[in-house]
Amino acid sequence: MTPAARTRTAIELLDTILTAAREGGASGDVLIARELAARRYAGSKDRRAIRALVYDAIRLCGAVPVSGRAAMLALAARDPDLAATFDGSPYGPAPITPGEPSAAPGVAPAWLIEALAASGVDGEQAAALLDRAPLDMRVNPLRADRNQLAAAFPDSAPIPGLDLALRLSADTQVDKSDAYDAGWFEVQDAGSQAVTLAAAAAPGMRVVDLCAGGGGKTLALAAAMAGEGAILATDSDRTRLSRLAPRAQRAGVTIVETRLLNPNREVEALADWADSADVVLIDAPCSGTGTWRRNPEARWRLNPARLARLVETQARLLDVGAALVRPGGALIHIVCSLLDAEGADQATAFLARNPVFRAAPLALPLGTPHGPGMRLTPLSDATDGFFVARLVRA
């Protein structure tokens, strides 16, 4: 493909992503993979170049662009070589016309900028939310140790404070390796690894992972428990939860039971675990403001109404989880968000309506104290953004 053809394809992909963002469709990475697979004439170098153009444009634009062309024009304004590809050639984009509207650079839509600033995330902290993320791995101690994994990936580097973590460059292909097939590791952001430590999971415990999804934190909990005890992994998304069983088998994890829940009927479905769990971990559905490094178009999918619904869901799930915690046990509230409405304020509100719980101090290897818990940010911790609180029942 010519450079102009790559630019035109990137514009077309951006239009697809923008439509999905407005209508709640598939994520950007899924759409890019699908669309490029359909363009069989695009070679591997073409696909890499197009993908880079798309994500560079997404990261550059704060508010939702009016079109893929407007987004690409914003990028071209900073790159004369890219601007030259708007040449009107048969497979290229039409020439740039004077005064043609271009998307505005920025970190996020204005209302989100204000919400982040009110939560203490502005300036360099806010800009770092769009940095490109590395690839982090968590060693599976049921199958290997960090020295073995480091030998399998000689370009990896340890992450200070996390004994089971290794970091690689973002483009490293790890899922086709022998170490992956052998279950030596899981791909998991260092921040996700760190906040899971707030559970203090240990052998013999009874643990509930209430919003388990595909099971990344479930498997980390199982490893911390050395394969002894019981974990109930639940979710209301059948597709996501179905991914856990094969991952657990590959990892050698045998203590996990999965249970599909119906939204708003969780208490009934979990009655057999009432007042009996040592730990209930809730990695709650959230805005994902802490994951923009990996999913930058997510900031175009969020609006105040959706945020309000998420906050309401989080509060309900915290109350569901609280009913499962035994006296002396702990409820772990985790969100991959830097908005206080989902993090510190959410935990504070829970404590106010559940006086039998108190916030316990955390001593995690990453993060800084924030409200009743701790916060991790891309700038301060070189991780995705998280808030975590450990709420202990009297």
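Trainee: Okay, I've got it up. Which way does H11 pass H13, right-handed or left-handed?
Mentor: H11 goes past H13 in a right-handed crossing. Keep in mind that this is a predicted model.
Trainee: Noted. Where are those two helices, and at what angle do they cross?
Mentor: H11 covers residues 216-224 and H13 covers residues 244-251. Their axes come within 10 Å and cross at roughly 30°. That angle is under 35 degrees, so H11 counts as roughly parallel to H13.
Trainee: And which residues meet there?
Mentor: On the H11 side you have Gly216, Thr218 and Leu219. They meet Leu244, Arg247 and Ala248 of H13.
Trainee: Let me pick on Thr7. Is it buried or exposed?
Mentor: Thr7 has 1% relative accessibility, so it counts as buried. You'll find Thr7 in helix H1.
Trainee: What does Thr7 touch?
Mentor: Leaving aside residues up to four places away in sequence, Thr7 touches Leu53, Met72, Leu82, Thr85, Phe86 and Pro93.
Trainee: Switching topic: rings. How many aromatic pairs are there?
Mentor: The count comes to 3 aromatic pairs. One of them is Phe350 with Phe357, an edge-to-face pair with 5.2 Å centre to centre and 65° between the planes.
Trainee: Why do Phe350 and Phe357 count as buried?
Mentor: The cut-off for buried is under 20% relative accessible area. Phe350 counts as buried because its relative accessibility is 0%. Phe357 comes in at 7%, so that residue is buried too.
Trainee: Which residues form an aromatic cluster?
Mentor: Phe153, Tyr180 and Phe185 make up one aromatic cluster.
Trainee: Nice. What sits over the ring of Trp273?
Mentor: That would be the charged end of Arg206, 3.9 Å from the centre of the Trp273 ring.
Trainee: Last topic, the backbone. What is the phi of Ala200?
Mentor: Phi of Ala200 is near 50°, a positive value in a residue other than glycine. Ala200 is in the loop between helix H10 (190-196) and strand E5 (206-209). With a relative accessible area of 42%, Ala200 is partly exposed.
Trainee: And what about the phi of Asn264?
Mentor: Asn264 isn't a glycine, but it has a positive phi of about 75°.
Trainee: Where does Asn264 lie?
Mentor: In the loop between strand E7 (256-260) and helix H14 (266-269). Asn264 has 61% relative accessibility, so it counts as exposed.
Trainee: Great, so I'll look at Ala200 and Asn264 as the positive-phi spots because neither is a glycine.

Conventions
Residues numbered from 1 in each chain as written. Predicted model: local features only at pLDDT ≥ 70, side-chain atom pairs only at ≥ 80, totals over all residues. Heavy atoms only, no water. Phe/Tyr/Trp six-rings, centres within 6.5 Å; stacked < 30°, edge-to-face > 60°. Buried < 20%, exposed > 50% of the residue type's maximum accessible area, 1.4 Å probe, protein only. Lys NZ or Arg CZ within 6 Å of the ring centre and 35° of its normal. Axes fitted to C-alpha atoms, helices over the stretch in contact; angles between N-to-C directions. Helix = DSSP H or I, 4+ residues; strand = E, 2+ residues; numbered from the N terminus. Parallel < 35°, antiparallel > 145°, perpendicular 65-115°, else oblique. Left-handed = near helix turned anticlockwise from the far one by under 90°. Contact = heavy atoms within 4.5 Å.
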